Amino acid sequence: MATLLLRVLRPFSRLRGSGWPVADVPFRAGIHGASLLYPDHIPTSPLQKALLAAGSAGMALYDPYRHDMVAVLGETTGYYTLKVLRDQMRRDPEGAQILQERPRISLATLNMGKLQSLPEGSLGREYLRFLEVNKEHCAAQWYSTCMDSNLQDQSEKRKWSRRGEAMARERVSPDTRAPTRFVDDEELAYVIQRYREIHDMLHTLLGMPTNILGEIVVKWFEAVQTSLPMCALGALFGPIRLSARNLQVLVSELIPWAVQNGHRAPCVLNLYYERRWEQPLAALRRELGITAVPLCMQGLA
């Protein structure tokens with residue numbers, strides 16, 4: 001029995017201790033070792049995937065900033081949804097080109113000098129501004145949220161505030177996205193990797209900060225857009241630790257806004273962002289049907 005458990009849980013041992021791969025490594029079918037479909041692939045059985053999904057869901061709910069656990073949850077529960085998203089991309093000319101060329105968004109592939117030289121209000125310039133503004137992850141807002149939230153136990157508040165202080169040392173960067181490991185199809189592995197790498201682009205499109213409230217709003221938009229179980233879980237359970245004031249604004253104004261925009265916009269995976277850097281952000285929002293950010297966010301960011 002012990003041997004069986006060790007074999008079932010072996011994939012967990014490879015989650016920690018290895019750095020993210022170079023983000024410009026393409027996803028291509030090939031021989032990367034015995035039964036490996038792409039770099040960092042970890043083949044798993046259905047039972048292993050179920051255990052990984054259950055364990056990662058519990059950890060992600062306990063600590064929403066365990067991005068590695070959120071990534072595992074997305075990979076182990078989203079296979080059929082990823083096939084739907086892949087098929088949507090295949091049917092769209094721009095999405096099909098993305099699948100063919102497999103672009104990656106990373107500090108190695110981004111031309112920061114070019115983005116800096118773009119006109120004010122362009123997608124590239126606003127994306128760069130987002131990265132610069134959020135270099136210091138929103139630990140201050142996280143700390144404030146914890147102190148003002150429903151956490152009554154002082155030890156719990158201290159734990160979450162320490163987590164916020166640790167997050168202050170982290171930087172918002174396209175290189176912080178976890179590599180795909182548990183998707184047993186190299187094309188679908190690229191689809192979920194692309195989804196992760198455009199996450200900050202969605203913050204830019206929606207005008208949402210990276211504090212916990214902004215992340216929840218983006219998750220609602222992503223849940224409607226992608227139907228990934230991981231997004232739905234984050235959207236539903238993310239608000240648990242919000243203050244009463246923020247929760248009221250989220251439910252009454254921000255969730256309806258995110259859901260309406262998610263339904264109205266075409267699939268955001270079909271946008272070749274790297275070829276739209278010069279496009280005015282306002283024009284891109286009009287093209288996608290994304291409306292202005294609710295005024296209530298101004299006092300909550």
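In this predicted model, helix α12 passes α14 in a right-handed crossing. Helix α12 covers residues 212-226, and the two helices pack at an angle of about 35°, with their axes 8 Å apart. Please look at the residues that meet there. On the α12 side they are L213, I216, V217, W220, F221, V224 and Q225. On the α14 side they include L250, L254, I255, W257, A258 and V259, together with N246, N261, G262 and H263. By class, this contact divides into 12 nonpolar residues, five polar residues and no charged residues.

Let us now leave α14, which spans 244-264, and follow the chain into the loop between α14 and α15, where Q279 lies. Which side chain does the side chain of Q279 join in a polar contact of 3.1 Å? The partner is E287. If we set aside neighbours within four places in sequence, Q279 is in contact with S122, L123, L284 and E287.

Three helices each supply at least two residues of its lining: α7 (123-133), α11 (199-206) and α15 (281-288). Which of them gives the most? That is α7, with four residues.

The lining can be followed along the sequence. It begins with E126, R129, F130, V133 and N134, continues through H203, T204, G207, M208 and P209, and ends with L281 and R285. In terms of class, five of the lining residues are nonpolar, four are polar and three are charged.

Note on methods:
Residues numbered from 1 in each chain as written. Predicted model: local features only at pLDDT ≥ 70, side-chain atom pairs only at ≥ 80, totals over all residues. Heavy atoms only, no water. 1 Å grid on protein atoms, 1.4 Å probe; cavity = no way out; pocket = protein on both sides within 12 Å on 5 of 7 lines; lining within 4 Å. Nonpolar A, V, L, I, M, F, W, Y, C, P; charged D, E, K, R; others polar. Polar contact = N/O pair within 3.5 Å; in protein donor to acceptor, adjacent residues only side chain to side chain. Contact = heavy atoms within 4.5 Å. Axes fitted to C-alpha atoms, helices over the stretch in contact; angles between N-to-C directions. Left-handed = near helix turned anticlockwise from the far one by under 90°.
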